[in-house]
Amino acid sequence: MRTTRLALIVATGSLLSLGLLSGCGGRERPQADLAASQVTTIGVNSYLWRASLDALSFMPLVQTDSAGGVIVTDWYVNPQSPSERVKLTISILDQDLRADALRVAGSREVSQNGQWVAAPLRAATVQKLEAVILTKARDLRRSSITG
């Protein structure tokens, strides 16, 4: 009788250590993700949000809405090219850290005879800024995992 009771205790302990028995009656165990790709404390992915703010830190900001995921800059004139200026809008479209959750749009103007005139913004410029933001966001996520 004593060996049967001991075997039952050992078997129960083994099942508990394997997670096959739940002390609360639930069947699913919560999954832990130290650096989740989904973040709900703000309306959008926090890594994309922080990376966007970091990438635009040299530009004056007009609007920042973390719930809606929108960052709008004011016109920025590069001191090395005083005859042109750029204005950007960053939209974070999802809570996931994915490339298609980020959209960068911009306007460019050049000075002609003292007037600012609309000029095309090169697609490569927008793509490069998107790549910079995504790289920063991934680095932020990676550093939060390795801590």
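The dialogue below takes strands, a helix and charged pairs in turn.

User: What kind of model is this?
Analyst: This is a predicted model.

User: Let us start with strands. How many bridges join β4 and β5, and in which sense do they pair?
Analyst: Strands count as paired once at least two bridges link them. Here β4 and β5 (residues 102-112) share 9 bridges and are antiparallel. Within this pairing, Ile92 has Leu102 of β5 as its bridge partner.

User: Which strand is joined to β4 by 3 bridges?
Analyst: That is β2 (residues 70-73), antiparallel to β4 (residues 84-92). Look at Ile71: its bridge partner in β4 is Ile90.

User: What do β3 and β4 form?
Analyst: They form a hairpin, with 6 residues between the two strands. Strand β3 (residues 76-77) pairs with β4 over 2 bridges, again in the antiparallel sense. Tyr76 has Val86 as its bridge partner in β4.

User: Now the helix. How do I read burial, and how many residues of α2 are buried?
Analyst: A residue is buried when its relative accessible area is under 20%. In helix α2 (residues 46-55), 7 of the 10 residues are buried, so by this cut-off the helix is mostly covered. Among them are Tyr47, Leu48 and Trp49.

User: What do the buried residues of α2 pack against?
Analyst: They pack against β1 (61-65), β2, β4, β5 and α3 (123-146). Look also at the start of α2. There, a side-chain oxygen of Asn45 comes within 2.9 Å of the backbone nitrogen of Tyr47.

User: On to charged residues. Is Arg85 buried or exposed?
Analyst: Arg85 is buried, at 17% relative accessible area. Its place is in strand β4. Its side chain makes a polar contact of 2.6 Å with that of Glu109. Arg85 also touches residues beyond its sequence neighbours, including Trp75 and Trp116.

User: How do I read a salt bridge?
Analyst: Side chains of opposite charge can pair when their charged atoms come close. This structure holds 7 salt bridges. One of them joins Arg108 and Glu84, at 2.6 Å from N to O. Arg108 is in β5 and Glu84 in β4, so the pair ties together parts 24 residues apart in sequence. Arg108 is buried at 16%, whereas Glu84 is partly exposed at 22%.

User: Which residues are linked in a network of salt bridges?
Analyst: Asp94, Asp96, Arg98 and Asp100 are. Arg98 meets Asp100 at 2.8 Å, and its closest N and O atoms with Asp94 are 3.4 Å apart. Arg98 is partly exposed at 37%, while Asp100 is exposed at 51%.

Note on methods:
Residues numbered from 1 in each chain as written. Predicted model: local features only at pLDDT ≥ 70, side-chain atom pairs only at ≥ 80, totals over all residues. Heavy atoms only, no water. Helix = DSSP H or I, 4+ residues; strand = E, 2+ residues; numbered from the N terminus. Buried < 20%, exposed > 50% of the residue type's maximum accessible area, 1.4 Å probe, protein only. Contact = heavy atoms within 4.5 Å. Polar contact = N/O pair within 3.5 Å; in protein donor to acceptor, adjacent residues only side chain to side chain. Salt bridge = Lys/Arg side-chain N within 4 Å of Asp/Glu carboxyl O. Lists of a residue's contacts leave out its neighbours within four places in sequence.
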